[in-house]
Amino acid sequence: MTVNGPIQPSEMGSTLVHEHVFLDWTGAERMNSRLWKNEDAFKVILPHLKKCQALGIKTFMDCTPNFIGRNPLLLKRLADSTGLQFMTNTGYYGAVNNKYLPAIAFKASARHLSRIWIREFRKGIGKTGIRPGFIKIGVNGDSTLSPMHEKLIRAAALTHLKTGLTIVAHTGPYAPARQQVNIITEMGLHPSAWVWTHAQGGNSAEHEDLARRGAWISLDGLGWVHPIDHNGDSTDLKKYVRQIVFLKQKGLLQHLLISHDAGWFTHGMPGGGKFMPFSNIFELVIPLLKKEGFSQEDFDQLLVKNPQGAFTLSVRKGRKGKPTSLTNLTR
Ligand SMILES: [Zn+2]
């Protein structure tokens, strides 16, 4: 489901599954979208998207959630100006200690929240008529999900069951990732309805565990890597390459998504701040993976087939899964 309506999954082509063109970090209760300088943003963002297209990208998933600057009309304008297929999202982002949650998130039940998100999918966002193509939630990286964040994953699961939208969950570490998979599994979903976003916060054994259960592993900080080894720093390019190679060696490449998490025209910063380009995958990562024996078929798997598999609208129900033991995997 793109901002210009539904397309066939086979039309997605090469896809960047986790990027941001525009953000507003003011906070849910003080944010005012009338202050957004969309014209300035458009001018800054457009050349970066054209470069993406020159690298072969056909579909661009904008992961900026509601109340952090989700800007469907700007996305539609960028889509119409470039021919890129844009996707936006529904859902609420609870990470950063709930600063980006609207008041209703605290009062309403999971079912009530899911009704709001399902309505966006069916009727469009606000009065724009633009429909979300996935669910974006955010939870803190704590070892145990707070009741508020458990409510968000439950609302997302209920929304999935009615819409077939995939759940993209800003998570980070393994413990809250595993808890979310256990919750949605108990609710009757198959783990393939869920994406472990910022899985670079976990280790390879943890990636293997949730990939074997069927979840999508999203290594999505590649816009911020530097090519020099910084001893296991999460922005270390070599660490990403090791994690990607590991999943291929385990036969789990079909569960992996890669992206930059780049862009970030930021409201309130002069000129939108420093805009991170969407090119490291092509300029830094692919050449290193080629040295590790990756073929064109592998790159098609990562950039074409897996995004298509992850984000085709379909309700994914599964038998009740057996929760895995945390102590076996965490060190
Ligand atoms: Zn992001």
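A residue counts as buried when its relative accessible area is under 20%, and as exposed when that area is over 50%; values in between count as partly exposed. These cut-offs are applied below to a predicted model.

The protein chain contains 11 helices and 10 strands. Its radius of gyration is 18 Å. A compact globule of 331 residues would have a value near 20 Å, so the chain agrees with that expectation. Along the principal axes, the C-alpha atoms fill a box of roughly 50 × 45 × 40 Å. Buried residues account for 59% of the 331 residues.

The protein chain exposes about 13700 Å². Carbon and sulfur atoms supply 52% of this area. Among the charged side chains, 41 are positive and 25 are negative. The centres of the two sets lie 8 Å apart.

A zinc ion is held by protein donors from H18, H20 and D261. The two histidines each contribute NE2, and D261 contributes OD. These donors lie 2.0 to 2.2 Å from the zinc ion. Along the chain, their spacing reads H-x1-H-x240-D. The site therefore links distant parts of the chain, given that H18 and D261 are 243 residues apart. H18 belongs to strand β1, which covers residues 15-23. D261 sits in the loop between β9 (256-258) and β10 (263-266).

H18 has a relative accessibility of 2%, so it counts as buried. D261 reaches 10% and therefore also counts as buried.

R30 lies in the loop between β1 and α1, a helix covering residues 38-54. With a relative accessibility of 64%, R30 counts as exposed. R30 and P6 are 24 residues apart along the chain, and their C-alpha atoms are separated by 33 Å.

A79 lies in helix α2, which covers residues 72-82. A79 is buried, because its relative accessible area is 4%. Leaving aside neighbours within four places in sequence, A79 is in contact with V3, N4, L84 and F86. A79 and F282 are 203 residues apart along the chain. Their C-alpha atoms are separated by 22 Å.

Notes: Residues are numbered from 1 along each chain as its sequence is written. This is a predicted model: local features need pLDDT of at least 70, side-chain atom pairs count only at pLDDT 80 or more; totals for chains, interfaces and linings use all residues. Side-chain values use heavy atoms; hydrogens and water are left out. Helices (H or I, at least four residues) and strands (E, at least two) are DSSP runs, numbered from the N terminus. The radius of gyration is taken over C-alpha atoms; the globule rule is 2.2 Å times the number of residues to the power 0.38. Buried means under 20% relative accessible area, exposed over 50%, partly exposed in between (1.4 Å probe, protein chains only). Accessible areas come from the Shrake-Rupley method with a 1.4 Å probe; for residues, only the protein chains shown count as cover. Lys and Arg count as positive and Asp and Glu as negative; His and the chain ends are not counted. The place of a charge is taken as NZ of Lys, CZ of Arg, CG of Asp or CD of Glu. Donors are N, O and S atoms within 2.8 Å of the metal (3.2 Å for Na, K and Ca); water is not among the atoms, so sites may look incomplete. Contact means heavy atoms within 4.5 Å.
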